[in-house]
Amino acid sequence: MGYPGQTFEAVYRAMPVAFIDKQSAEHGDKIIMPPSALERLASLHIEYPMLFRLEGVHSKRETHCGVLEFIAEEGVVYMPHWMMQNLLLQVGDTIRVRSVSLPKGTYVKLQPVTSDFLDITNPKAVLERTLRGYSCLTVGDCFVVHYNNKNYEIEVRDAKPGRAISVIETDCQVDFEAPKDYKEPERVPPPQPKPEPAAAAAGTSGAAGAAAGGKGPSPSPEPEPEEPKFLAFAGTARRLDGKAGGPSNPVPVALGRPASAFGSGSGAAAAGGAAGSGAGPSTSGAAAGGAAAAGSAGSQKAGTFINFGPTGNRLEARLAAKSGAGGAPKPPPPPPEEDKKEEGPSFKAFQGKGFSLKG
């Protein structure tokens, strides 16, 4: 042992803190030294906080630490298990302990060994609480964060302003690297929309036409959807006198057709037919009626003409007279004679025999 240049230096045998039942010392970087070391440190006027450099005599690996107590046996120091692993020490191996002065750290970069550390809800708060038990950090060391009955290893990747820094009463910026076993999730490309069959066929035909000479056949237009049909006055005919009405055969009409299309064209066609029929068996009347119907149908849209009994016959006659296709206007035919038979009432009130209460 020697004390060159007001520096403490000694050689001890390394033992884990579990041998003296100091489990709390596992969560930090402080060692337990013998009482003789305290006397020598006091005589050398070592500045506080007391920091030491530990070096394995055989492994030649080094780290830095603080001191917790001076209660160990002479020639022995007790240290945390993770520190012995960093120095590649076995129980009873010799180490060299030397006092040092470290600068206050301003920056440190840490890297979790496993990605389990990312599962912690608030890793910043856990790390701050853990570093309260540490006095210094050395680049290359792996210290242990104990949280929720589980140990997480953290490696020191970089430190400023030196390779070893003091973290006692200092404002230090902490940066994190991705865990060593972390793998970025694979990016799945978005699904491409499938082309419609008609568009695909048009593209294929266009490409074939361009290859043949740039004059490919144009794609055929899609058929337009059929318009819904409208049935005018569809239903069963009813008469006010209770008799059965004639058969009703409605004709479908396209929606959106103006109301004028229902009477003008058909009325002219009916007028032409009426004029031809009123002319009798002569050929001229029939020809004139057909010509009138054809001319009227050619100039106006076809519709549906509805006959409402006697009133409809009169309307046909008037249209035939106005058309003039059959020559001189014909008088309207007389209305059909209605059945004059009157049906008697089925029920007669106050009919029957009378009876008196007197007998």
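Which side chain meets that of R157 in a salt bridge? I looked this up at the start, keeping in mind that the model is predicted. The partner is E155, with 3.5 Å from N to O.

**Other salt bridges**

I counted 9 salt bridges in the structure. One of them joins the side chains of K22 and E69, at 3.4 Å from N to O. This pair links distant parts of the chain, with K22 in the loop between β1 and β2 and E69 in strand β4, 47 residues apart. K22 is partly exposed at 25% relative accessibility, and E69 is also partly exposed, at 27%.

My next stop was R163, whose side chain forms a salt bridge with that of E62 (3.9 Å, N to O). R163 sits in the loop between β10 and β11 and E62 in strand β4, so the bridge ties together parts 101 residues apart in sequence. I noted E62 as partly exposed, at 31% relative accessibility.

**Cores**

Which residues have the most contacts inside the largest nonpolar core? I found F8, M33, F52, L54, M79 and F143, in a core of 44 residues. Strand β10 (residues 150-160) gives the most to this core, with 4 residues. Domain 1 (9-99) and domain 2 (107-176) both contribute residues, so the core lies between them.

I took a further look at F143 and its contacts beyond four places in sequence, which include W82, L110, L127, Y134, Y152 and V156. There is also a second, separate core of 7 residues, with M15, A25, I32 and A72 among them.

**Helix α3**

In helix α3 (residues 123-131) I found V126, L127, T130 and L131 buried. They lie on the same side of α3, because they cover an arc of only 125° around the axis. I then asked what they pack against, and got β7, β8, β9 and β12.

**Cysteines**

How many disulfides does the structure hold? My search gave 0. For C65, the closest cysteine sulfur is that of C136, and at 6.4 Å it is too far for a bond, since a disulfide needs the sulfur atoms within 2.5 Å. I also noted that C65 is buried, at 0% relative accessibility, and that C142 counts as buried at 19%, the cut-off being under 20%.

Key. Residues are numbered from 1 along each chain as its sequence is written. This is a predicted model: local features need pLDDT of at least 70, side-chain atom pairs count only at pLDDT 80 or more; totals for chains, interfaces and linings use all residues. Side-chain values use heavy atoms; hydrogens and water are left out. Buried means under 20% relative accessible area, exposed over 50%, partly exposed in between (1.4 Å probe, protein chains only). A nonpolar core is a set of buried Ala, Val, Leu, Ile, Met, Phe, Trp, Tyr and Cys residues joined through side-chain atoms within 4.5 Å. Helices (H or I, at least four residues) and strands (E, at least two) are DSSP runs, numbered from the N terminus. Domain bounds come from an automatic or database domain assignment. Contact means heavy atoms within 4.5 Å. The arc is that of the directions from the helix axis to the C-beta atoms. A salt bridge is a side-chain nitrogen of Lys or Arg within 4 Å of a carboxyl oxygen of Asp or Glu.
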